[in-house]
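Please walk through this protein model one part at a time. Keep the sequence and the 3D view side by side as you read.

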Amino acid sequence: MQHDQLQGDGDLMAEEGPLTTGRRRPKRLRRLLIGGALAFTLAAGGGAAAYKYGLFSDIGDPVSFGKVQESAAAEDIRQGVSMPTGPKSEFVRTYRLPDGTQIGRTTLTGAKSGFTGDVWVWVPKEYDEPRYAKSAFPVLISLPGGRGYPTNYWGTGPGLGLQKAVSDGAKAGTSLPFILIMPVHNADTKHHFDASDIPGEPKMGTWMAEDVPDFTKANFRTFTSRDGWAFMGSSAGGFGAFKHVLKHPDRFKAAIASGVDIVPDSPLWKGNTQAMDENNPEKLAEKLIKEGGPDVYINFQIGTKENGREKAERFMKEYGKGPVHTKLQVIQDGEHNGKSYVRGMREGALEWISKVMLAPTPDPGVR
């Protein structure tokens, strides 16, 4: 498994960094910066220049999601819709996209895993439209490759285009307007944890499969059915994405797994074969096939300029049957990086996953 930073993403994150940390400069320092640079920026390019250089930025300010929700009476709640259960998390704004949507960050301590890490969130513009105030939205838990700690580049690097791909797809009618939940997926920068509860190590499997969904249900309108829950991920995050769907088919229905390896390989297992088997997609798929379901859907994305296609095709040939539905999205000239995988999602993977997930339902009486 390729556990280093995906090619191209590190440079992009460094480029995006000043706007995406979610931590504001101290007010006194900001005032000094504004006072000392205001004349220059106004002379150089007016107010637009001041905003460009972040002097009037609202990055780091508190942000909330769901301005039209949570006030519905019990009798108004639709069947299959889970209104936010609380307690609400506190978010800070880390990015504002051109369409007005925002990325927020919060720190979550998992009640079940005991692990504490950051989670980034983005909701589509439809989420705050009055016509959808009573509707649930599908969730796409998005996992990064590389270290996956202390950041998640799907949240800190909007220039990769994931949020815009979902927005554009929803506008074109080819993608559902997914809520994107983007947690860290490793516990430190030194090890990879195979998105699993490795004995004696932080419970990263529980963090992603239980704590992160519980956090999402606490803060957002979600579906009670697994048909509203899916994963996507790249490299090591792609392994976690499709592993979780196979391990918990009662909770999650589908995954987009990009540039992914197939079996757990963390040295932290230390030969614990039984625990490894419980997190091995091949073993999990075999078990699911034997039990006859429920049906799960896995879209492997592989670029033509990276390795791993033969592993995905082998898995599809051996385990892509019965309740395990698989598809291969080949990305022409695609490399092992987030931009290539987002292109693949635009070229078909987002449309594919949208067809097997539940869609939000607008209120016909509200515009």
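This is a predicted model: local features need pLDDT of at least 70, side-chain atom pairs count only at pLDDT 80 or more; totals for chains, interfaces and linings use all residues.

Residues are numbered from 1 along each chain as its sequence is written, and side-chain values use heavy atoms, with hydrogens and water left out.

Start with the whole chain. It holds 10 helices and 12 strands. Both are DSSP runs, numbered from the N terminus: helices are H or I with at least four residues, strands are E with at least two. Of the 367 residues, 55% count as buried. Buried means under 20% relative accessible area, exposed means over 50%, and partly exposed lies in between (1.4 Å probe, protein chains only). Now look at contacts, meaning heavy atoms within 4.5 Å. Among contacts with a separation of 6 or more, 74% come from residues 24 or more positions apart.

Next, find the sheet. It is open and has 10 strands, in the order β1-β3-β4-β5-β7-β6-β9-β10-β11-β12. The pairing is mixed. Two strands pair if DSSP finds at least two bridges between them. Which strands stand at the edges? They are β1 (62-63) and β12, each with a single partner strand, so one side of each has no neighbour in the sheet.

Helices pack on this sheet. Helix α4 (residues 162-172) touches β4 (102-109), β5 (116-122), β6 (139-143), β7 (179-183) and β9 (229-234). Its direction makes about 165° with that of β7. Helix α6 (residues 236-247) lies across β6, β9, β10 (254-258), β11 and β12, and runs at about 155° to β9. For these angles, axes are lines fitted to C-alpha atoms, for helices over the stretch in contact, and angles run from 0 to 180 degrees between N-to-C directions.

Zoom in on one strand pair. Strands β11 (residues 296-303) and β12 (residues 324-331) run parallel and are joined by eight bridges. The chain gets from β11 to β12 through helix α9 (residues 309-319), and this β-α-β crossover is right-handed. That label means that, with the strands pointing away from the viewer, the path from the first strand over the helix to the second runs clockwise. Along the pair, Ile 298 has Thr 326 of β12 as its bridge partner. Asn 299 stands opposite Lys 327 in β12.

Now turn to the core. In soluble globular proteins, nonpolar side chains tend to be buried together. A nonpolar core is a set of buried Ala, Val, Leu, Ile, Met, Phe, Trp, Tyr and Cys residues joined through side-chain atoms within 4.5 Å. Here the largest one has 85 residues. Those with the most contacts inside it are Ile 181, Phe 242, Leu 246, Phe 300 and Ile 353. Take Phe 242, found in helix α6. Phe 242 has a relative accessible area of 0%, so it is buried. Leaving out residues up to four places away in sequence, its contacts include Ala 257, Val 260, Ile 298, Phe 300 and Phe 315.

Aromatic rings come next. The whole structure has 15 aromatic pairs. Rings of Phe, Tyr and Trp (its six-membered ring) pair if their centres lie within 6.5 Å; planes under 30 degrees apart count as stacked, over 60 as edge-to-face and the rest as tilted. Phe 91 and Phe 215 have ring centres 6.1 Å apart and planes at 55°, so this pair is tilted. Phe 91 lies in strand β3 (residues 91-96) and Phe 215 in helix α5 (residues 204-219), so the pair ties together parts 124 residues apart in sequence. Both residues are buried. Tyr 127 and Phe 137 make an edge-to-face pair, at 5.1 Å centre to centre and 65° between the planes. Both pairs belong to one aromatic cluster of Phe 65, Phe 91, Tyr 127, Tyr 132, Phe 137, Phe 215 and Phe 220.

Finally, check the backbone. A cis peptide bond joins Gly 86 and Pro 87, with omega about 0°. The bond from Tyr 149 to Pro 150 is also cis, with omega near 5°. Asp 194 is not a glycine, yet its phi is positive, near 55°. Asp 194 is buried, with a relative accessible area of 4%. Lys 270 also has a positive phi, about 50°. Lys 270 counts as exposed, at 71% relative accessibility.
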